[in-house]
Amino acid sequence: MPSVEVLLFRLLLVFVIGGAIGAEREYRSKSAGFRTMILICLGSFLFTTFSIYISGSTNDRIASNIVTGIGFLGAGVIFQSENRVNGLTTAASIWVTAALGMGIAGGYYTLVGLATLTVLVALYLLTRLEGVIDHYSHSRTYKITSAYTEGLVEQHEKWFTECGLNFVRLKQTKSGSNISGSWLVHGRKERHTRCIDRILHDATVQEFEF
């Protein structure tokens, strides 16, 4: 068993590394935040430490079970909203935080430090890059309901094309004299704004979700 000083140092690393990753998730109001990431890192650290010093060597079964357990925990924060899957980054953060906890228990400080720096760069700095990409390739789901006329769906799709947007037709539903259509629409944000404004001011549109 390591000395008390080594254990305290490793526990400090668990708190700092788990807290740094969790703080970013907390700042963005994600489901797994500051305390959760610290506990995940601590749990992986403890299981790995016990597996090393109880069995005398790293127990692959315990390590693999940590990965399996973390997989279930990560799956719990993934959910689907409309046509978009949310929570993938948080689930990946949970997964890598557990791996860092295992690394701390093994004493791989250099690798853990470099990996933590990589994670923080991805979470804190690359978010801005994602924002730039999203500005040029923004996706929305449009649902338009209008009184049925011949060529109505094609007319709606013509609006998207004229605004410079790409689209995928999802579903059309006819209810009484009305027809509702859904599209997954891609394009720059300002083009979405122009298209939305055009649809909102069209007198034939009865309902519009976007």
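Helix α4 (residues 88-106) has 19 residues and spans 27 Å from its first C-alpha to its last, close to the 27 Å expected at 1.5 Å a residue; the expected span is 1.5 Å times one less than the number of residues. Helices here are DSSP runs of H or I with at least four residues, strands are E runs of at least two, and both are numbered from the N terminus. The model is predicted: local features need pLDDT of at least 70, side-chain atom pairs count only at pLDDT 80 or more, and totals for chains, interfaces and linings use all residues. Residues are numbered from 1 along each chain as its sequence is written, and side-chain values use heavy atoms, with hydrogens and water left out.

**Around helix α4**
- The buried residues of α4 are Thr90, Ala91, Ser93, Ile94, Thr97, Ala98, Leu100, Gly101, Gly103, Ile104 and Ala105; buried means under 20% relative accessible area, exposed over 50%, and partly exposed in between, with a 1.4 Å probe and protein chains only.
- Just after α4, glycine 107 takes a positive phi of about 80°.

**The whole chain**
- The chain holds 7 helices and 6 strands, in the order α-α-α-β-β-α-α-β-α-β-β-α-β along the sequence.
- Its radius of gyration is 25 Å, whereas a compact globule of 210 residues would have one near 17 Å; this radius is taken over C-alpha atoms, and the globule rule is 2.2 Å times the number of residues to the power 0.38.
- Along the principal axes, the C-alpha atoms fill a box of roughly 80 × 30 × 20 Å.
- Buried residues account for 32% of the 210 residues.

**Strand pairing**
- Strands β3 (residues 138-147) and β5 (residues 178-187) pair in the antiparallel sense over 10 bridges; two strands pair if DSSP finds at least two bridges between them.
- Within this pairing, tyrosine 142 has tryptophan 183 in β5 as its bridge partner.
- β3 also runs antiparallel to strand β6 (residues 205-209), joined by 4 bridges, and serine 146 stands opposite valine 205 in β6.

**Salt bridges**
- The whole structure has 6 salt bridges, each being a side-chain nitrogen of Lys or Arg within 4 Å of a carboxyl oxygen of Asp or Glu.
- Glu24, Arg25 and Arg28 are linked in a network of them.
- Arginine 28 meets glutamate 24 with the closest N and O atoms 2.4 Å apart; arginine 28 is partly exposed at 29% relative accessibility, while glutamate 24 is buried at 1%.
- Glutamate 162 and lysine 158 form a salt bridge with closest N and O atoms 3.9 Å apart, and both lie in helix α6 (residues 152-162), 4 residues apart, about one turn of the helix.
- Arginine 188 and glutamate 190 join in another, at 2.9 Å from N to O.

**Surface and loop details**
- A nonpolar surface patch is formed by Leu117, Val121, Tyr124, Leu125, Leu126, Leu129, Val132, Ile133 and Tyr136, with about 850 Å² of accessible area together.
- Patches use residues with over 30% relative accessible area and no salt bridge, joining like charges within 9 Å and nonpolar side chains (Val, Leu, Ile, Met, Phe, Trp, Tyr) within 5 Å; areas come from the Shrake-Rupley method with a 1.4 Å probe, and for residues only the protein chains shown count as cover.
- Leucine 129 sits in helix α5 (residues 109-136) and is partly exposed at 48% relative accessibility.
- Serine 29, in the loop between α1 (4-27) and α2 (34-55), has a positive phi of about 60° although it is not a glycine.
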